[in-house]
Amino acid sequence: MDRRVVEVDVGRSVYEANKRLADEFRMLLDSYGVRAYEFMGSPGSGKTSLIERLIGIALNNGYEASSIGYIGGDVATSLDTERVSKHGVQHVQINTGNICHLEVPHIYQAVEKLDLRRLKMLFIENVGNLICPANFPLGAHRRVLVVSVAEGEDKFVKHPLTTRLADVIVINKVDLASAAYVDLDKMERDARSLNPRAPIVRTSARTGEGVDKLYHVLLGG
Ligand SMILES: Nc1nc2c(ncn2[C@@H]2O[C@H](COP(=O)(O)OP(=O)(O)OP(=O)(O)O)[C@@H](O)[C@H]2O)c(=O)[nH]1
Ligand SMILES: [Mg+2]
């Protein structure tokens, strides 16, 4: 390794304790028959926009609004929850203050405000951050990583841990790919080299391209 590069090793006990809590929360969800999807990604990558699109598809497919839940994590504001609440779904905003990711205790507080007995599908939007959420799984059945082309071509290789841990990888804002001079095939190859198992879906939350495919990947797997 280049001697000028320093790698930081954080103690494992915090991560392990969180993982145990996440497993317990997953069991709670399973006991109510709820499927949960966690969305991680940089600020502005399109997490809320994609969730809104997916909610729209679920409603068109016959899901009742009350059977869909949304927990939005943000440092401040309830802007995302206000957007999502327009679809009539159950919703809770969590403001983390200066914490850069959600943790399981946040989610327990949030679900107290949801009617779990009615829920079938729960979207959890983590705080916009490509680093911190990775080590703190929340117990969702699928962890969805959203990277937009506007962030640059290199985000997967610069964030290998988050890329490896994702169950589904989304390359969003493909409508802007040529304007951003991004090679989508190269992005996909980079993601695939780090994570051979996760489906990779190209989407535009603006035009709707690829969102049906994402919906089926999430519900199918
Ligand atoms: N052109 C284009 N714009 C998009 C797309 N997806 C989202 N946007 C826009 O990008 C901006 C950020 O989208 P959000 O959905 O709020 O992003 P986010 O990841 O939820 O952001 P945070 O919650 O702040 O982390 C908004 O102006 C969206 O309209 C897309 O596929 N194409
Ligand atoms: Mg958002």
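View 1. Lys173 counts as buried because 26 C-beta neighbours lie inside 10 Å; a residue is buried if 20 or more other C-beta atoms lie within 10 Å of its own, exposed if 12 or fewer, and partly exposed in between, with C-beta atoms placed from the backbone. The model is predicted, and local features need pLDDT of at least 70, side-chain atom pairs count only at pLDDT 80 or more, and totals for chains, interfaces and linings use all residues. Residues are numbered from 1 along each chain as its sequence is written, while chains are lettered from A and ligands numbered from 1 in the order in which they are written. Lys173 is placed in the loop between strand E6 (168-172) and helix H7 (184-194); helices (H or I, at least four residues) and strands (E, at least two) are DSSP runs, numbered from the N terminus. Its phi is near 65°, a positive value in a residue other than glycine. Tyr181 also lies in the loop between E6 and H7, and its phi, near 55°, is likewise positive in a residue other than glycine. Tyr181 has 9 C-beta neighbours inside 10 Å and therefore counts as exposed.

**View 2. The contact of helix H2 with helix H8.** The axes of H2 (residues 47-60) and H8 (residues 211-220) come within 10 Å and cross at roughly 75°. H2 is therefore roughly perpendicular to H8. Axes are lines fitted to C-alpha atoms, for helices over the stretch in contact, and angles run from 0 to 180 degrees between N-to-C directions. Angles under 35 degrees count as roughly parallel, over 145 as roughly antiparallel, 65 to 115 as roughly perpendicular and the rest as oblique. From H2, Leu50, Arg53, Leu54 and Ile57 meet Val211, Asp212, Leu214 and Tyr215 of H8, where contact requires C-beta atoms, placed from the backbone, within 7 Å. The residues of this contact comprise 6 nonpolar, no polar and 2 charged; Ala, Val, Leu, Ile, Met, Phe, Trp, Tyr, Cys and Pro count as nonpolar, Asp, Glu, Lys and Arg as charged, and the others, Gly among them, as polar.

**View 3. The contact of helix H1 with helix H4.** H1 (residues 13-32) packs on H4 (residues 104-111) at an angle of about 30°, with the axes 9 Å apart. The two helices H1 and H4 are therefore roughly parallel to each other. Asn18, Leu21, Ala22 and Phe25 of H1 make the contact with Val104, Ile107 and Tyr108 of H4. The classes in the contact of H1 with H4 are 6 nonpolar, 1 polar and no charged residues.

View 4. Among the 17 residues around ligand 1, Gly46, Thr48, Ser49, Gly128 and Arg206 come nearest; to be near, a residue has its C-beta atom, placed from the backbone, within 6 Å of the molecule or strand. H2 gives the most to this shell, with 3 residues. The shell holds 3 nonpolar, 9 polar and 5 charged residues.

**View 5. Ile124 in the largest nonpolar core.** This core has 52 residues, of which Ile107, Ile124 and Val170 touch the most other members. A nonpolar core is a set of buried Ala, Val, Leu, Ile, Met, Phe, Trp, Tyr and Cys residues joined through C-beta atoms within 7 Å. Leaving aside neighbours within four places in sequence, the contacts of Ile124 include Ala36, Phe39, Ile71, Ile107 and Leu138.

Key
Two residues are in contact if their C-beta atoms, placed from the backbone, lie within 7 Å.
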